Amino acid sequence: MDPKRIFDTGILYHHYANTAYPLTPASFREYRVDDPGALPTVLAEEWDKAGELSLYVHLPFCQTRCKFCEYAVLSGDDAQEEAAYVDLLSREMALYSPLVRDKRVVGLDVGGGTPSKLSLPHLQRIVEDLRARFPIPSGVGWSIETTPVIAARDPEKIAAIRQLGFERISMGIQTVSEKLLNDLGREGTALIYERAVENIRKAGFAKFNIDLMYGFLHQADEEFAATLRYATALAPDFITLYRNRYKGTSLEREAGGVSLYRVIRQYRLAYQELHERGYRANPGKNTFSRVDGDYGTSDYLTRRVIEGVPYLGLGLGAQSFGVDYLAYNDGAASKRLAGYREKIHAGRFPIQDLYRLPVEESIAKMVSVAFYFGFVDLPAFEKRFGRSFLEHFPAEVAFVLDQGLMERQGERLLLTSRGADYLNGIIPLFFSPRSKRELIDLAARRARLEDGEAEFLKAYAIEAYPRPSLAVDIVVATKATTDAPDAPMRVVLIKRGDHPFMNQWALPGGFVRPGESAEQAAARELLEEAGLTHPSLRQLGFFSEPGRDPRGWIVSCAFLADGGDQTPRYGDDALDARFFAVALERDGDRLRLRLSGGGEALSATLRVEAVAGQPRYTVEESHGIAFDHARILALALAT
Ligand code: SF4
């Protein structure tokens, strides 16, 4: 399939074409093992192929459910079943133990959910069971997750978790914007984060990571930058960025409102901020490390991502990826305990779906995940699949190299900075032929749906962007009522009745009101301030020099109008309105403006420069003429 077409489709459907392979839960239907009675044999055969594995234990208990959560987390009565769950987990370990006892365990992650929410005795029991059921060699890094609230409020438990053998801890801050946290259904304040970090440091974890998220519809760049600065000031060893993946979460309907450009911009922002503060990562990688030689991820994830080491997931909804199989435990879809519990009570593997994958699908899954680190390790790929990556994907590799999206560095193919921007186009290049077709079909179906602009506009916070006020000023010019051909030009000025420039003379004008065009505002102001009707207005230009109005950032759209034979009649906030005869005198690069009317004499001196063939006027002196209106008059009358 044409790489360019796949690349473009991935870019267009960037919320789908990402490291979470396959595209949809139904994608692998044709590979499903439908006979539950066959599972023990299939699992035995599959694990027989593996020499090593990583373990993942899922603890699905959380304080509250975050709106962006895509994981199996228990709620309602199920959420009270902690003791029962630990027991079920223990029995699941016993089921798998005979299949993998002789394999080398290379990593262990305990995640969730919020594992640290469990009571200490329950955590101890899980660790004891793990040690008893799986031969985990010393030197394997154990990693666990916590939330700031637990780490701040329960320092004894955090210290005890370290004593259980966990060397790495990861804490999800996600954002420091309290408004965004509220919107997302999470707790957190700066005070909690600082105490949490203090407790984690005191507990003596060798590796400490903070998770942050970006790409939310209601997350401004400034807020994200503030979060990054705050997180780096806490000085964790590592910072991991998660781009919100809308797929399958309660925020999914907002996905279309978040453009790829926005997530690219936010990743670039993070990349720069983090690098400036000593956190390093190659382009496209999500975990930034300030520890030399340390990727910053857990052993479980590092080996899984780079080498495609098989992993066994234990617990509700956990995912396992063997050499040639992918399985989801019960609860992955329902987030309920019932199915998982029933199967374990019946002595069966608690699997909801197991797929035996053709090698093309296993390759796609491994390579999709590899982009979590921003590169493909060529020898690791060859070791895992017995074939060369470059030969397996010749057209795709040529495409990414030609386009400057990836580059070869030694035995790795790495994303370039440009490639990091367009990651969602690159990942599907290495999908299986089946999933490439699925992506094209998905795109064709979704093309008929709304593009998300309505969501984007609903969330667009215009108040976050500083805006000027818009005003209008009108030069109403007419010849003096005499037959003489050299009769002077006259303009209407009003005497200001309020600050600023109170009692000085100004052009009629005022602020444009909501729902009004500049032309409508000009016509209204002429009527209200000077009693002039039916003006024929011609736009003169915009006047936007900083400081032109002492009240603040006010941009004026100036008009020229023919006053005809109307007589001005003041109203609104004007104390007077009348014609002034205009005299203009050019002296080298100076223009002198004199205005006289009803016994009043006003004047201004302006410097004249030619800019791009047009005169530009700068007011040097002004006597009795408000704002920069001498400049507007000069532009209207002298050119
Ligand atoms: S803390 Fe994590 S696992 Fe728990 S609800 Fe929030 S996102 Fe989901």
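Modeller: The structure, a predicted model, holds zero disulfides.

Biologist: What makes a pair of cysteines a disulfide?

Modeller: The two cysteine sulfur atoms must lie within 2.5 Å. The count of such pairs here is zero.

Biologist: Where is serine 116, and is it buried or exposed?

Modeller: Serine 116 sits in the loop that runs between strand E2 (104–112) and helix H4 (120–133). Its relative accessibility is 0%, so serine 116 is buried.

Biologist: Which residues is serine 116 in contact with, leaving aside its neighbours within four places in sequence?

Modeller: They are Leu123, Glu145, Thr146, Thr147, Ile150, Lys157 and Ile161. To be called a contact, heavy atoms must be within 4.5 Å.

Biologist: Why does alanine 461 count as partly exposed?

Modeller: Partly exposed lies between the two cut-offs, under 20% for buried and over 50% for exposed. Alanine 461 has 29% relative accessibility, so it falls in between. Its place is the loop between helix H20 (453–459) and strand E15 (469–479).

Biologist: How far is the C-alpha atom of alanine 461 from that of threonine 416?

Modeller: The separation is 33 Å, and the two residues are 45 residues apart along the chain.

Biologist: Now the whole protein. How many helices and strands are there?

Modeller: There are 22 helices and 24 strands.

Biologist: Why is the protein called more spread out than a compact globule?

Modeller: For 639 residues the globule rule gives 26 Å. The radius of gyration is 35 Å, well over that value, so the protein is more spread out than a compact globule. Along the principal axes, its C-alpha atoms fill a box of roughly 110 × 55 × 45 Å.

Biologist: What share of the residues counts as buried?

Modeller: Of the 639 residues, 55% are buried. The protein exposes about 27,600 Å², and carbon and sulfur atoms supply 50% of that.

Biologist: What share of contacts with a separation of 6 or more joins residues 24 or more positions apart?

Modeller: Such residues account for 71% of those contacts.

Biologist: How many side chains are positive and how many negative?

Modeller: There are 78 positive and 87 negative side chains, and the centres of the two sets lie 3 Å apart.

Definitions and conventions. Residues numbered from 1 in each chain as written. Predicted model: local features only at pLDDT ≥ 70, side-chain atom pairs only at ≥ 80, totals over all residues. Heavy atoms only, no water. Helix = DSSP H or I, 4+ residues; strand = E, 2+ residues; numbered from the N terminus. Rg over C-alpha atoms; globule rule 2.2 N^0.38 Å. Buried < 20%, exposed > 50% of the residue type's maximum accessible area, 1.4 Å probe, protein only. Areas by Shrake-Rupley, 256 points an atom, 1.4 Å probe, with all protein chains shown as cover. Lys, Arg positive; Asp, Glu negative; His and termini not counted. Charge placed at Lys NZ, Arg CZ, Asp CG, Glu CD.
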